[in-house]
2 protein chains.
Amino acid sequence: MAEALRVGIAGLGTVGASVARVLRDKAAELTRQCGRDVIVTAVSARDQKRDRGVDLSSAKWFDDPVKMAQAAEIDVFVELIGGDEGPARSSVKAALEAGRHVVTANKALLAKHGVALAEIAEKKGVLLNYEAAVAGGIPVIKTMREAMAGNSVTRVFGILNGTCNYILTRMEAEGISFDACLKDAQRLGYAEADPTFDIEGQDTAHKLSILTSLAFGTRIAANDIYMEGISNITQADIRAAGDLGYRIKLLGVAQRTESGIEQRVHPTMVPTASVIAQVHGVTNAVAIETDILGELLLSGPGAGGNATASAVIGDIADIAKSRPGFQHGPVFGRPAKELKPYKKAQMRSHAGGYFIRLTVHDRIGVFAAIAKRMADNDISLESIVQHAVNGEAAAQKTVILVTHETTEAAVRKAVDGITKDGHLTDKPQVIRIERAG
Amino acid sequence: MAEALRVGIAGLGTVGASVARVLRDKAAELTRQCGRDVIVTAVSARDQKRDRGVDLSSAKWFDDPVKMAQAAEIDVFVELIGGDEGPARSSVKAALEAGRHVVTANKALLAKHGVALAEIAEKKGVLLNYEAAVAGGIPVIKTMREAMAGNSVTRVFGILNGTCNYILTRMEAEGISFDACLKDAQRLGYAEADPTFDIEGQDTAHKLSILTSLAFGTRIAANDIYMEGISNITQADIRAAGDLGYRIKLLGVAQRTESGIEQRVHPTMVPTASVIAQVHGVTNAVAIETDILGELLLSGPGAGGNATASAVIGDIADIAKSRPGFQHGPVFGRPAKELKPYKKAQMRSHAGGYFIRLTVHDRIGVFAAIAKRMADNDISLESIVQHAVNGEAAAQKTVILVTHETTEAAVRKAVDGITKDGHLTDKPQVIRIERAG
């Protein structure tokens, strides 16, 4: 049998401890699967004394993860520190430069420095694996990087943030407000004390930027993503969506268009009968559309210590199965040096259906004025629903429009026009509709 | 750059022609992804003259696939001949023995001879890849063999036959009978002239047997699978399922139980709100439950020239990324010689919920007799629905029972008892209920 693969784990939070535990508990099985032993020989974290529920005494302790990254004791450096700068970045860089394979769950680091790190890995002939960085336990990186060889991706989209999907699921199931839901999610540990990063779409954008690169062979462009969060989604939207046969999900979508690549994160209406509409709670899902394979959908746990650890272990096992001299496929599917610049499609040229909810004064001529603004912008309507606003009787009405395919520019112009007409009593709500099988 | 990978394709039907076309059309992209050229250097089929829509003149023609398998012109032998004996088996065996990597889409061959072939591949240090053999374009083999390293699978189940799912989907959507649906499926090319192999579950069983081996590290046991087809599913079942919040799917299920491993293929009720219930038409889906990752679901095209070709290309690309001396993981996840014997769980000990539809004489005491038979077998009922049989007014009634978890043995005994009581006017219908997320 080949020599044991020696693993160093930097960061011993929930995921790190879980990785160490699985490598110990499943040692015999992993040896059978990989053809060699996989052992934890080094660990690094902030507090050596903390009890992490797993005996790490046989591993060498490092206060400094950079030192561990360069140490002779390891073949693989597992980065579970987090953050896009500081020790995470410097230790991953040091490990790659020292010729160590790297496994990381750090989406923020990859979104910001992924291409530069991939160039080092490819130059050094080592692996940089990051299955856990996107959609937790779902093997979407392996699928896009390996299984879809030869496929040209046309669109990739998904539910990539468990916190948002948990909130939207409960809002629909229980009829409670966004704020009430968020508070409960925080109480239960599904949302951070400062939830902005999740709620406003930044976390989804980081993950999406990695999928975009894998899908289209472009350099990662995480700062060039159109982003809307879920904090302005109301019960009125969720109910109206349900009545129209849709469900609201926060999606990250990357799509090739004539003018470039769209990367967008926003609340989205998907058909209730679609597979992705049944993805509830903290579960994640990714759909990938290609020219050869067609549409593939993967769903599963997007977070949690064990699910994330499972992806990390899969990455480590792939390294264990490789042997010195083996050259794996490139980090982002194509050699990092050959990744093309990201050519952004303008959001205003986005084509699709739209849901528009307007709260208007209940007076003669309002409806005609709205219809005229739509027609003036060549927007054809699939359905129009008008009803009294609950509890406010005759003074206001809600008008809900669903458009056929049109453009973002046309919708913005029409809604601006309606707003200027002075008929609205509240901010207009616009939610994009996404085709989904 | 490394030397080109030389591919020989045996069998040039829809899939084979599609593989050749993609390898040509995506040559530059595949080279970028694999770090070397991938070229078709040899082909073999029955009729050299047939136009297959792709120029194969640069590849050497072999009338005999076994000769091609042993030829010096190829590094990879792609078997798309089909059949579990004859040229498919002899050429795959010859290729492995000659030290060629093999890619096959042949589920029947693997179900019957997979372990023996894996032993040769592992002895020779070559790859035997078979992503296309199960669930077409869905990367379930890669997921189970690589991504789930270290996970212990508790259950794997899926919609593995597109023909059956197409028929069940149309029966529900259009309210038409099984026979009418099958005829239409045959007319449209979704079902064979002799549909038995699909309809009665044999095709699903072949695929399931491969997943079982990957899941539990056991030797493939395709002939030891409990099997019921969909030909006796009626509109009454589909409507009753819908009323109760279920949808009927033909599932293959492999599950670890206390007494062994259950392998079963049968019509199954899954909750309408589950993800797998939304998998319509010819689409396939596989759900995998493990101790670490949790539940993962993959859905996508289960058949068709292009989708199958996509899986074959992925397998070829994995080989192209490997280099001489590289030792990949074992064919069925664990070394073939270490696969454990399959210990079958008896079907009568299967535990789960049951749907039971009885057509009975409408007379006093029938209901009490049914209830007594259930109680005598310790079966607790979740719901009971009784209504008149359409158009036959007072003479007959339908009784639908949904049980809480019980055993197959108890249900069979109870239903046998009810049959003996003489109250039934038609064959009883029993459909198992499967938990699904």
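Reader: What joins S12(A) to strand S12 (residues 295-301) of chain B, and do the two run parallel or antiparallel?

Author: They are joined by 3 bridges and run antiparallel. A strand here is a DSSP run of E with at least two residues (a helix is a run of H or I with at least four), numbered from the N terminus. Two strands pair if DSSP finds at least two bridges between them, so the 3 bridges meet that rule.

Reader: Thanks! What should I know before reading on?

Author: This is a predicted model, in which local features need pLDDT of at least 70 and side-chain atom pairs count only at pLDDT 80 or more, while totals for chains, interfaces and linings use all residues. Residues are numbered from 1 along each chain as its sequence is written, chains are lettered from A and ligands numbered from 1 in the order in which they are written, and side-chain values use heavy atoms, with hydrogens and water left out.

Reader: How many residues does the contact take from chain A and from chain B, and what makes it a contact?

Author: The contact takes 54 residues from chain A and 54 residues from chain B. Contact means heavy atoms within 4.5 Å. The area buried between the two chains is about 4,400 Å², with carbon and sulfur atoms giving 55% of it. Buried area is the accessible area (1.4 Å probe) that two parts lose on being put together, summed over both.

Reader: Why are Asp291(B) and Lys26(A) said to meet in a salt bridge?

Author: The rule asks for a side-chain nitrogen of Lys or Arg within 4 Å of a carboxyl oxygen of Asp or Glu. Asp291(B) and Lys26(A) come to 2.5 Å, N to O, so they qualify. Across the interface of chain A and chain B the rule finds 8 salt bridges. There are also 20 residue pairs in polar contact between the chains, both residues at pLDDT 80 or more. A polar contact is a pair of N or O atoms within 3.5 Å; within protein, one must be able to donate a hydrogen and the other to accept it, and residues adjacent in sequence count only if both atoms are side-chain atoms.

Reader: Which elements give two or more residues to the side of chain A that touches chain B?

Author: Helix H2 (27-34), helix H6 (140-147), strand S12 (295-301) and H12 of chain A. The largest share of that side, 8 residues, comes from H12(A).

Reader: How is chain A divided into domains?

Author: Into domain 1 (5-137 + 305-332), domain 2 (142-301) and domain 3 (350-433). These bounds come from an automatic or database domain assignment. The C-alpha centres of domain 1 and domain 2 of chain A lie 27 Å apart. In chain A, 22 residues of domain 1 are in contact with 18 residues of domain 2, and the area buried between these two domains is about 1,600 Å², of which carbon and sulfur atoms give 63%.

Reader: What makes Asp203(A) and Lys107(A) a salt bridge?

Author: Their closest N and O atoms are 3.5 Å apart, and the cut-off is 4 Å, so the pair counts. Across the interface of domain 1 and domain 2 of chain A, the rule finds 3 salt bridges. Helix H5 (107-124), strand S6 (128-129) and helix H12 (305-321) of chain A each supply at least two residues of the side of domain 1 that touches domain 2. H5(A) gives the largest share of that side, 7 residues.

Reader: Why do strand S3 (60-62) and S6 of chain A stand at the edges?

Author: The open sheet has 6 strands in the order S3-S2-S1-S4-S5-S6 (chain A), with parallel pairing. S3 and S6 of chain A each have a single partner strand, so one side of each is left without a neighbour in the sheet. Strand S2 (residues 38-44) of chain A pairs with S3(A) in the parallel sense over 3 bridges, and the bridge partner of Ala42(A) in S3(A) is Lys60(A).

Reader: What is the strand order of the open sheet in chain B?

Author: The order is S3-S2-S1-S4-S5-S6 (chain B), again 6 strands with parallel pairing. In chain B, Val43(B) stands opposite Trp61(B) in S3(B).
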